[in-house]
Amino acid sequence: MNKLSPELTRQVLQATMHEKILLRAAELVAMGWTRGTAARDAARQKVRSTAPQATAWCVVGAVDRALYELWALDVYALLGLEVDAYDTARCPFEVLRELRRPLQRVLGRSDLAHWNDHVCPAPASAERLLREAAASFGGSPPSL
């Protein structure tokens, strides 16, 4: 498992960047949403959320993909995990836990993956969660 420098962690978690990551994640979910894994390709097969062939993301996978697009940080490489192991792994990195914290506050629960997979009624609800969490940084909520 790799480690992020404190400076990089600070930059990623800066409020404006954190908001940008969550808004990009909302855009990704709007393009395609999935359950049961972080991401799927056009054939509905499980893939890394950072994979070029990914076309649908769960809430957590979308945040991971946005982090990859904006910072070139690949959570799979950081954790040393493949798709199936990642889907069930605990999150050891503080930066990843912090990126998810506004989502948990808005949702009122900590189990984002379970909510995405078993409770979330529709893709629009997943997108709305991401946008509301982004708006919690002080910006006005973007219209859906």
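Predicted model: local features only at pLDDT ≥ 70, side-chain atom pairs only at ≥ 80, totals over all residues.
Val63 belongs to the largest nonpolar core, which holds 42 residues. Together with Ile21, Leu67, Leu103 and Leu130, Val63 is among the members that touch the most others in this core. Several elements each supply at least two residues to the core: α2 (15–31), β2 (54–57), α3 (59–71), α4 (75–79), α6, α7 (112–119) and α8 (123–135). Of these, α2 gives the most, with seven residues.

One contributor, helix α6, may be followed along its course. Helix α6 covers residues 94–107, 14 residues in total, and spans 20 Å from its first C-alpha to its last, close to the 20 Å expected at 1.5 Å a residue. The helix bends by about 35° at Arg101, and the proline Pro102 follows within four residues. After α6 comes Gly108, which has a positive phi, near 80°.

Attention now turns to helix α8, where Ser125 is found. Ser125 counts as buried because its relative accessibility is 15%, and buried means under 20%. Apart from residues up to four places away in sequence, Ser125 touches Trp115 and Cys120. Ser125 can also be placed relative to Ala30: the two are 95 residues apart in sequence, while their C-alpha atoms lie 9.9 Å apart in space.

Terms used: Residues numbered from 1 in each chain as written. Heavy atoms only, no water. Expected span 1.5 Å × (residues − 1). Bend = angle between axes of the 7 residues up to and from the residue. Core = buried A, V, L, I, M, F, W, Y, C linked by side-chain atoms within 4.5 Å. Buried < 20%, exposed > 50% of the residue type's maximum accessible area, 1.4 Å probe, protein only. Contact = heavy atoms within 4.5 Å.
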